[in-house]
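Dear colleague,

I am passing on the structure that we discussed, with some notes on what came out of it. Please read the notes with the structure open beside them.

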Amino acid sequence: MEKFIINGGKILSGKVKISGAKNSTLKLMAASILADGKTTLRNVPGIEDVNTMVDVLRTLGTSVKVDTKNKVIEIDPKGIDCYEAPYELVRKMRASILVAGPLLSKFGEVRVAVPGGCNIGSRQIDLHLKGFEEMGAKYFVEHGYINCHIKRDKNGTGLSGNIINLDFPSRGATENIIMAACLASGETIINNAAREPEISDLTSFLNSMGAEIQGSGTDHIVINGVANLNGTDYEVMPDSIEAGTFMTVAGLCGDKIEIENARWKNLEVFYLKLKEIGVNISIIDENNIRIDRSQKAYKPVNISTLPFPGFPTDLQPIITVLLTITPGISIVTENVFENRFMYVDELNRMGANIKIDGHRAVIKGVGKLSGAPVRSFDLRAGAAMVLAGLAAEGSTEVSDINHIRRGYEDFEEKLRGIGADIRKIN
Ligand code: EPZ
């Protein structure tokens with residue numbers, strides 16, 4: 001298995017450009033199923049999860065052209081003749097279930113493998129299915145697959161609009177229900193909807209196809225079903241989690257670092273928390289920021305992860321690395337996933353002093369971390385191990401980096417570009 005070898009302690013300087021957002025791209029690719037024509041997506045990140053979603057779309061019969069060099073994907077759903085997302089792809093990437101809403105809305109049926117849990121939690125999809133049921137669909141689970149369908153009347157109408165109250169502002173459920181509602185008959189209202197910027201990217205994309213969606217970015221989204229949607233040409237938003245990751249790299253071991261396409265307002269709570277710690281961030285404009293080495297000692301902080309606009313759970317492992325070398329006691333509470341501290345044992349092997357108490361990590365800052373062989377348990381935990389290696393004294397070997405490849409484009413190249421000593425070995 002591929003590994004990263006990192007010689008830590010280097011002071012980093014230079015410019016980093018943020019790529020397109022993984023957690024928007026995957027949904028736009030699924031949503032392209034809804035169009036009667038071809039869709040072109042631009043600023044698509046070159047990451048493993050995008051390759052998996054290409055495989056899912058091709059399995060359905062969609063034709064997909066990938067221009068890696070120019071970060072462009074062309075999707076033509078005309079040839080769809082299969083409505084099944086197979087286990088081997090869903091197991092690889094649970095976001096494959098996001099083809100369910102579009103297939104149900106356009107073809108009236110979908111068969112998708114029940115996505116297993118993952119290292120950070122059980123990852124239920126009950127809210128997705130409840131939304132589909134409330135729009136008239138029926139489903140049953142058999143042999144590890146969810147079979148969902150809607151009886152269509154003589155003029156082909158399938159799903160019907162309804163008022164859907166989400167028990168939790170689930171991003172995936174919000175996205176799947178929005179996509180299902182686009183071609184449903186009548187109006188659908190989603191209350192307690194997720195509000196992440198990626199949801200707004202999806203609704204802007206769908207509206208550019210001819211959908212009629214209002215309220216994205218709020219917890220009350222209204223979708224007026226239309227008869228059909230057209231292909232479109234759309235540029236994916238920058239990746240907020242990658243931006244937050246590189247902002248933390250700069251806070252850990254940066255001297256002068258400029259981050260292009262940070263779109264910092266999309267992660268404002270995170271940005272403000274870094275400033276509260278004492279990271280020396282200055283805003284260049286709405287897209288770009290710079291971080292200079294801070295002359296003052298960092299201060300401990302308390303963090304609670306919450307759905308947007310709260311502190312993003314995906315940056316919880318990332319900021320925890322910074323807190324391991326911040327003098328004093330910091331407390332990080334994980335409220336979104338039930339098991340997102342598995343990486344802490346690996347940080348403690350590098351000399352960190354973190355104690356887990358249920359959903360809470362109590363972090364006592366230490367002078368420095370020391371390099372060690374560590375494992376990546378999931379995408380963001382793997383990135384956190386790399387950041388710890390950059391800050392640590394000596395050499396760190398990060399294994400299972402396939403997790404990291406799922407969501408960070410050219411991660412080691414971008415880090416080397418600002419002076420990090422990181423290389424990949426097999
Ligand atoms: C998205 O996952 C992201 N993935 C995750 O990013 C992110 O951590 C998560 O949102 C929270 O922000 C993608 O966008 C591809 P949820 P998603 O539905 O949609 C529970 C990364 O590193 N829940 O908001 O699956 C669920 O169990 C990944 O890029 C139900 O109980 O998140 C979880 O505890 C990791 N029933 C919580 O809600 C449901 O039907 C958040 O889930 C759905 C969710």
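How far apart are the mean positions of the positive and negative charges of the protein? They are 4 Å apart, for 49 positive and 52 negative charges, where Lys and Arg count as positive and Asp and Glu as negative, with His and the chain ends not counted, and where the place of a charge is NZ of Lys, CZ of Arg, CG of Asp or CD of Glu.

Two remarks on the basis of these notes come before the rest. This is a predicted model, in which local features need pLDDT of at least 70 and side-chain atom pairs count only at pLDDT 80 or more, whereas totals for chains, interfaces and linings use all residues. Residues are numbered from 1 along each chain as its sequence is written, and side-chain values use heavy atoms, with hydrogens and water left out.

On the overall fold, the protein has 14 helices and 24 strands, taken as DSSP runs (helices H or I, at least four residues; strands E, at least two) and numbered from the N terminus. Its radius of gyration is 22 Å, close to the 22 Å that the globule rule gives for 426 residues, so the protein is as compact as a globular protein of that length; the radius is taken over C-alpha atoms, and the rule is 2.2 Å times the number of residues to the power 0.38. The C-alpha trace spans about 70 × 45 × 40 Å along its principal axes. Of the 426 residues, 57% are buried, meaning under 20% relative accessible area with a 1.4 Å probe and protein chains only.

Strand β9 (residues 145-149) is mostly covered, with four of its five residues buried. Strand β7 (residues 109-113) runs antiparallel to β9 and is joined to it by five bridges, and strand β8 (residues 138-142) is likewise antiparallel to β9, again with five bridges; strands count as paired if DSSP finds at least two bridges between them. Cys-148 in β9 is the bridge partner of Val-110 and also stands opposite Tyr-139. The hairpin of β8 and β9 has two residues between the strands, and in it His-143 takes a positive phi near 50°.

Strand β23 (residues 395-399) pairs with β1 (residues 3-7) in the antiparallel sense over four bridges, with Thr-396 as the partner of Ile-6. With β22 (residues 373-375), β23 pairs in the parallel sense over three bridges, and there Glu-397 is the partner of Pro-373.

With best wishes

Key
Buried < 20%, exposed > 50% of the residue type's maximum accessible area, 1.4 Å probe, protein only.
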